[in-house]
Amino acid sequence: MKNIKKILFFGLVLLLASCEDAINIVQDGEINNEASFQTVNNLRQFLDGDIYGRVNTTNEIGFTAVFTDEVGIGQGNGGQGLELHRYFLNANDGNAAALWLGQYTLINRVNRLIEVSDLVTVVDATEEAQKNSILAEARTLRAYSYLQLLAFFSEDMANDAELGVMLLDFVPAVDVKLPRVANSQIYALIESDLAFAENNLASTALDYKYVTKGLVNAIRARMYVYRKNYTLAKQYAQAAIAESGLALSNTSTYNLMWNDLAQGETIFAASRPSAGAWGNIGSTFVFNTSDLNGGVFHDMGRNLYNALAANSSDIRFQTWVDPTSLVNPNYMTDPTYIDTDVLVINKYPGKASQPLRNDLKLFRVSEMKLILAECEVGGTIQNLVNAASLVQEVRTARNTGQTLPVYTSAQEAWADILLERRKELCYEGHRYVDIKRLGSLANASIDRNQTDDITNATPLTLPLSDYRFTMPIPQQEIAGNTSIQQNTGY
């Protein structure tokens with residue numbers, strides 16, 4: 001096993017390389033930058049082998065599903081996620097630590113790539129362009145990681161003066177301790193990274209599992225809608241759709257996308273190939289396979305199921321609820337519902353040779369359409385009809401012939417957009433952040449059913465003002481970094 005250099009990262013130990021690195025440029029002992037990074041190809045190997053593979057929303061998906069209203073306690077549950085499901089969230093929470101560590105590890109790797117890129121001498125303009133495109137891809141992924149961190153750890157993403165996270169755009173020394181900075185400073189870095197990417201990305205992308213200009217604009221659209229800058233969010237959501245050249249998947253192709261048999265409407269996905277030691281996202285909910293006999297420890301939250309089942313022709317209902325599910329139609333009155341009601345989540349069935357392993361679809365056209373709907377409601381010139389038309393467009397793609405919603409107020413529009421995001425983006429890591437940022441506008445919070453837990457003692461919702469709609473800074477970080485400030489309530 002190779003000996004590899006470790007950096008103590010603000011109280012958290014980050015491994016800067018693994019024992020079986022996907023690239024073969026790390027030598028025994030200390031990493032020697034001059035020896036390891038000599039060519040543009042070395043930079044590409046490092047990016048492909050040790051940065052792309054770290055793009056991961058598994059922690060966000062698992063935390064969001066269990067804490068909000070996306071799952072219930074399944075028949076095979078042996079204690080998995082019970083405390084989190086019952087709203088126990090504190091600074092020692094492993095989900096917060098994993099999310100924080102995962103995103104900062106990726107950021108740290110990008111910073112190292114940028115630093116060592118200065119060691120590479122290019123021989124001509126072609127190599128210079130290749131080098132800049134590699135840096136553009138890396139900086140795009142860094143921007144995405146910072147946006148994820150703000151979404152979960154900043155108390156108010158829309159307030160530039162609010163406390164954000166640590167700004168790290170260099171490779172830190174062992175003893176560096178950094179405070180959190182204002183959101184505005186993090187957003188400035190994100191904007192700088194994405195501007196560099198737009199100007200330096202190669203014109204021909206490898207495929208949708210790599211950074212493209214469509215992804216750059218999709219990140220911008222999400223960032224600006226989080227900030228409630230609806231003018232720019234609209235501009236970049238439209239640009240993301242145009243750059244990607246994609247349309248909403250129809251009912252005949254939607255299932256192919258979720259089974260990784262087609263790109264569909266996916267703007268960017270984190271690749272999870274069948275071969276190799278990758279995590280299986282479907283293991284967030286079941287032990288073995290996404291059917292009744294697969295060891296279901298988290299099943300679909302009943303109210304989410306009801307929303308999808310309201311129209312059985314909806315391709316999302318047909319795709320994401322496994323047909324082996326046991327559904328008790330009398331669940332509200334039948335005291336035996338705990339034993340008979342098993343709503344098996346099938347959003348991540350796996351690949352042909354690897355059950356439960358699927359690519360992580362981080363950005364899709366449907367999200368861009370729903371961002372555009374938000375912009376029509378929240379923009380300077382409010383247009384509820386246009387918002388309704390965009391929501392209808394998503395619904396019709398999933399189930400042909402859907403009627404145009406009629407909104408008589410902005411609150412109705414926000415509530416319907418939040419509902420559609422709940423259905424369309426479930427189990428993709430959005431619900432927690434969506435309630436946090438849209439709940440007060442829609443007058444809606446966590447919406448659980450009494451059957452979602454094996455005890456009636458757990459509240460079915462939380463007040464929108466509850467401090468737990470922002471994650472705690474992990475205790476490991478607090479302990480090792482005296483400069484950092486904890487979030488309110490923890």
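This report describes helices, cavities, contacts and backbone angles in one structure.

The model is predicted, so residues are numbered from 1 along each chain as its sequence is written, local features need pLDDT of at least 70, side-chain atom pairs count only at pLDDT 80 or more, and totals for chains, interfaces and linings use all residues. Side-chain values use heavy atoms, with hydrogens and water left out.

Helices (H or I, at least four residues) and strands (E, at least two) are DSSP runs, numbered from the N terminus. Helix α8 covers residues 213-226, 14 residues in total. From its first C-alpha to its last, α8 reaches 20 Å, close to the expected 20 Å; the expected span of a helix is 1.5 Å times one less than its number of residues. A residue is called buried under 20% relative accessible area, exposed over 50%, and partly exposed in between, using a 1.4 Å probe and protein chains only. Because 13 of the 14 residues of α8 are buried, α8 is largely enclosed by the rest of the structure.

Helix α3 (residues 58-67) is also mostly covered, with eight of its 10 residues buried. Among the buried residues of α3 are E60, I61, G62 and F63.

## Cavities

Rolling a probe the size of a water molecule over the atoms shows where empty space is left. Here a cavity is a set of points, on a 1 Å grid over the protein atoms alone, where a 1.4 Å probe fits but cannot get out; its lining residues have an atom within 4 Å of a point. Grid points are joined across faces, edges and corners, and a volume is the space filled by probe spheres set on the points.

How many cavities of 30 Å³ or more does the structure hold? There are three. The largest cavity has a volume of about 110 Å³. Its lining has 14 residues, and Q148, R222, E428, G429 and H430 lie nearest the centre. Helix α6 (125-153), helix α8 and strand β10 (360-364) each supply at least two lining residues, and α6 gives the most, with four.

Residue classes are set as follows: Ala, Val, Leu, Ile, Met, Phe, Trp, Tyr, Cys and Pro count as nonpolar, Asp, Glu, Lys and Arg as charged, and the others, Gly among them, as polar. By these classes, the lining of the largest cavity divides into six nonpolar, four polar and four charged residues.

The second largest cavity holds about 40 Å³ of space. T57, I61, Y348, L360, K361, L362 and E428 line this second cavity. Strand β10 contributes the largest share of that lining, three residues. The lining of the second largest cavity has four nonpolar, one polar and two charged residues.

## Contacts between side chains

N41 and I134 are 93 residues apart in sequence and 9.7 Å apart in space, C-alpha to C-alpha. E115 belongs to helix α5 (residues 94-117) and is partly exposed, with a relative accessible area of 41%. The C-alpha atoms of E115 and V171 are separated by 7.6 Å, although the two residues are 56 apart along the chain.

## Cysteines

The structure holds zero disulfides, a disulfide being a pair of cysteine sulfur atoms within 2.5 Å. C375 is buried at 5% relative accessible area, and C426 is buried at 0%.

## Positive phi angles

Most residues other than glycine have a negative phi, and most peptide bonds are trans. K228 is found in the loop between α8 and α9 (230-244) and is partly exposed, with a relative accessible area of 35%.

N443, another residue other than glycine, has a positive phi near 55°. N443 sits in the loop between α17 (431-442) and α18 (475-480), and is exposed at 58% relative accessible area.

Terms used
On a 1 Å grid over the protein atoms alone, a cavity is a set of points where a 1.4 Å probe fits but cannot get out, and a pocket is an open set with protein on both sides within 12 Å along at least five of seven lines; lining residues have an atom within 4 Å of a point.
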